[in-house]
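Please keep the sequence and the 3D view open while reading.

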Amino acid sequence: MIENAKMLGKVAKSMGMQLLYHNHEFEFLKINGKYALEILYDSVDADLLKTQLDTCWVNVGGEEPAAYVRKFTGRAPVVHLKDFKGEKSENMYELIGFNEGEVPKRPDGFEFRPVGSGAQNFPAILAASEDAGAEWVVVEQDQPSMGLTPMECAAKSRAYLKSIGY
């Protein structure tokens, strides 16, 4: 994967684009005491690979999202704002549809939520995103919840961000 990331980063750069990597929770497995995600970023030059941190998966992976965003200052042009309720379970990857064609099952008590409706501290995450030099923050909700449609979830996330000055 590391050599592929280097190669893709070079190709993207030669075409005037920037390669970003979007994490999930599984990159927070440790290899010789270091997260796999950090091994990737330590192994590929920052001009070839930047991060697109997904704050939900950072949290589920065991890190505090605002602090983790700041860790990648200058290398985090896009930060994903994603909220959730509940705890990690053995079935986390069913949430993102690893079995194509099947409806993902939710781990007991876990659900994605509109921004501001779950466990995340978005004022801290947004401040960290600004400090880290993020150019964009992107609201992401993998599945609708709380009895709302996808568009109602998006509107609820937008209303929350407006209510805190964003």
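The points below go from overall layout to cores, aromatic rings, salt bridges and surface.

This is a predicted model. The protein chain has 166 residues, and 40% of them count as buried. The fold is built from 6 helices and 8 strands.

**Overall layout**

- Starting at the N terminus, the order of elements in the protein chain is α-β-β-β-α-β-α-α-β-β-β-α-β-α.
- Taking contacts between residues at least 6 apart, 76% join residues at least 24 apart.
- The protein chain exposes about 8900 Å². Carbon and sulfur atoms supply 54% of that area.

**Nonpolar cores**

- The largest nonpolar core holds 26 residues. Within this core, the residues that touch the most other members are Leu37, Leu49, Leu53, Tyr68 and Leu81.
- Five elements are listed as giving two or more residues to this core: α2 (36-43), β4 (49-54), α4 (65-71), β5 (78-81) and α5 (122-131).
- Helix α5 provides the largest share of the core, 4 residues.
- Another core, of 6 residues, lies apart from the largest one. Its members include Cys56, Val60, Phe84 and Phe112.
- What does Leu53 touch, leaving out residues up to four places away in sequence? The partners are Asn23, Leu37, Val58, Tyr68, Val69, Phe72, Val78, Val79 and His80.
- Two of these names return among the rings below: Tyr68 and Phe72 are both in the aromatic cluster.

**Aromatic rings**

- The model contains 8 aromatic pairs.
- One of them joins Phe28 and Tyr35 in an edge-to-face arrangement. The ring centres are 5.0 Å apart, with 75° between the planes.
- Phe28 and Tyr35 are both buried.
- One aromatic cluster takes in Phe28, Tyr35, Tyr41, Tyr68 and Phe72.

**Salt bridges**

- The structure holds 9 salt bridges.
- Asp47 pairs with Lys13, and their closest N and O atoms are 2.6 Å apart.
- That pair links distant parts of the chain, 34 residues apart. Asp47 sits in the loop between α2 and β4, while Lys13 is in helix α1.
- Asp54 forms a salt bridge with Lys82, with the closest N and O atoms 2.9 Å apart.
- Asp54 is in strand β4 and Lys82 is in the loop between β5 and β6 (83-85), so this bridge ties together parts that are 28 residues apart in sequence.
- Why does Asp54 count as buried? Buried means under 20% relative accessible area. Asp54 counts as buried because its relative accessibility is 0%.
- Lys82 is also buried, with a relative accessible area of 0%.
- Lys82 has a further bridge, to Asp142, with the closest N and O atoms 3.1 Å apart.
- This bridge links parts of the chain 60 residues apart. Lys82 is in the loop between β5 and β6, and Asp142 is in the loop between β8 (136-139) and α6.
- Asp142 is partly exposed, at 29% relative accessible area.
- Through shared partners, salt bridges join Asp54, Lys82, Glu140 and Asp142 into one network.

**Surface patch**

- Which residues form a nonpolar patch on the surface? They are Met7, Leu8, Val11, Met15 and Met17.
- Together, these residues have about 490 Å² of accessible area.
- Met7 lies in helix α1 (residues 2-14). Its relative accessible area is 42%, so Met7 is partly exposed.

**The segment after α6**

- Ile164 lies in the segment that follows α6 (150-163).
- Ile164 is partly exposed, with a relative accessible area of 29%.
- Beyond its neighbours within four places in sequence, Ile164 is in contact with Pro123 and Leu126.
- Ile164 and Gly116 are 48 residues apart along the chain, and their C-alpha atoms are separated by 9.8 Å.

Terms used:
Residues numbered from 1 in each chain as written. Predicted model: local features only at pLDDT ≥ 70, side-chain atom pairs only at ≥ 80, totals over all residues. Heavy atoms only, no water. Core = buried A, V, L, I, M, F, W, Y, C linked by side-chain atoms within 4.5 Å. Buried < 20%, exposed > 50% of the residue type's maximum accessible area, 1.4 Å probe, protein only. Contact = heavy atoms within 4.5 Å. Patch = residues over 30% accessible without salt bridge, like charges linked within 9 Å, V, L, I, M, F, W, Y side chains within 5 Å. Areas by Shrake-Rupley, 256 points an atom, 1.4 Å probe, with all protein chains shown as cover. Salt bridge = Lys/Arg side-chain N within 4 Å of Asp/Glu carboxyl O. Phe/Tyr/Trp six-rings, centres within 6.5 Å; stacked < 30°, edge-to-face > 60°.
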